[in-house]
Amino acid sequence: MSSSWKLCPGCMNDNGGEKICPICGYDSSKQNPDDCLPIGFTLSERYTVGQSKHRNGEGIIYIAWDNSESSAVTVKEYYPAGFAVRNTDKTVGIVKGGEYTFNEGLIEYIDINRQIKESAFPSLMPITDVFEENGTVYSVTQNISAITLREFL
């Protein structure tokens with residue numbers, strides 16, 4: 001991300017290029033962990049990756065900026081724990097011996113996300129984009145500020 005970029009990588013709000021975001025408190029000198037995509041990485045020639053927000057056994061979730069729509073989005077990357085590795089070129093590699101599990105999960109991830117994208121499930125966050133790149137697949141949803149059920153309880 002260039003220094004002239006004025007969006008905070010932590011919240012994707014215009015923070016005037018400040019090092020510490022006055023909106024969310026994110027320190028722009030921080031970087032994503034090595035096994036995540038780096039801040040400023042471009043996906044599908046459209047999405048600029050920000051901070052990695054969460055990970056689970058299925059993958060990594062990032063806040064990102066949709067350069068076509070000029071809006072914040074959430075990008076979910078299929079990166080199954082124990083079966084994926086980040087290569088130096090930022091592509092996703094498969095752990096030796098885990099090829100079958102990785103590929104089966106990849107196919108299922110693509111199918112489920114494309115079905116959600118093409119359907120109108122009112123109880124699910126609408127998926128706006130699904131694409132394959134870097135040896136894995138990504139799904140994109142709107143970025144909506146909310147709290148988790150755990151935080152609510």
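User: Where do I start, and which residues are linked in a network of salt bridges?

Analyst: Arg46, Asp66 and Glu69 are linked in a network of salt bridges. A salt bridge here is a side-chain nitrogen of Lys or Arg within 4 Å of a carboxyl oxygen of Asp or Glu. Before going on, note that this is a predicted model: local features need pLDDT of at least 70, side-chain atom pairs count only at pLDDT 80 or more, and totals for chains, interfaces and linings use all residues. Residues are numbered from 1 along each chain as its sequence is written, and side-chain values use heavy atoms, with hydrogens and water left out.

User: How many salt bridges does the count give?

Analyst: The count comes to five salt bridges. In one of them, the side chains of Asp66 and Arg46 meet at 2.8 Å, N to O. This pair links distant parts of the chain. Asp66 is in strand β3, Arg46 is in the loop between β1 and β2, and they are 20 residues apart. Helices (H or I, at least four residues) and strands (E, at least two) are DSSP runs, numbered from the N terminus.

User: Which side chain does Asp35 meet in a salt bridge?

Analyst: Asp35 pairs with Arg55, again at 2.8 Å, N to O. Asp35 lies in the segment before β1 and Arg55 in strand β2, so the pair ties together parts that are 20 residues apart in sequence. Asp35 is partly exposed at 28%, and Arg55 is partly exposed at 38%.

User: What about Arg114?

Analyst: Arg114 meets Glu132 in a salt bridge at 3.8 Å, N to O. Arg114 lies in helix α1 (residues 99-118) and Glu132 in strand β7 (residues 127-133), so the pair ties together parts that are 18 residues apart in sequence. Arg114 is partly exposed, with 35% relative accessible area. Glu132 is partly exposed too, with 49%.

User: How do I read the overall fold? How many helices and strands are there?

Analyst: Count the elements, then follow their order. The protein has two helices and eight strands. Along the sequence the pattern is β-β-β-β-β-β-α-β-β-α. The radius of gyration is 16 Å, close to the 15 Å that the globule rule gives for 153 residues, so the protein is as compact as a globular protein of that length. That radius is taken over C-alpha atoms, and the globule rule is 2.2 Å times the number of residues to the power 0.38. The C-alpha trace spans about 45 × 40 × 35 Å along its principal axes. Buried residues make up 39% of the 153 residues.

User: Which residues does Glu77 touch?

Analyst: Contact means heavy atoms within 4.5 Å. Not counting residues up to four places away in sequence, Glu77 touches several residues, including Leu37, Glu58, Arg86, Tyr109 and Tyr138. Glu77 sits in strand β4 (residues 71-78). Glu77 is buried, at 1% relative accessibility.

User: And what is His54 in contact with?

Analyst: Leaving aside neighbours within four places in sequence, His54 contacts Gly59, Ile60 and Ile61. His54 is in strand β2 and is partly exposed at 45%.

User: How many disulfides are there?

Analyst: A disulfide is a pair of cysteine sulfur atoms within 2.5 Å. The count comes to zero disulfides. For Cys11, the nearest cysteine sulfur, that of Cys24, is 3.7 Å away. For Cys21, the nearest is that of Cys8, at 3.7 Å. Cys21 is buried, with a relative accessible area of 3%.

User: What should I know about phi?

Analyst: Most residues other than glycine have a negative phi. Ser44 has a positive phi of about 55 degrees although it is not a glycine. Ser44 is in the loop between β1 (42-43) and β2 (47-55). Ser70 has a positive phi of about 50 degrees. Ser70 lies in the loop between β3 (59-66) and β4, and is exposed at 52%.

Notes
Buried means under 20% relative accessible area, exposed over 50%, partly exposed in between (1.4 Å probe, protein chains only).
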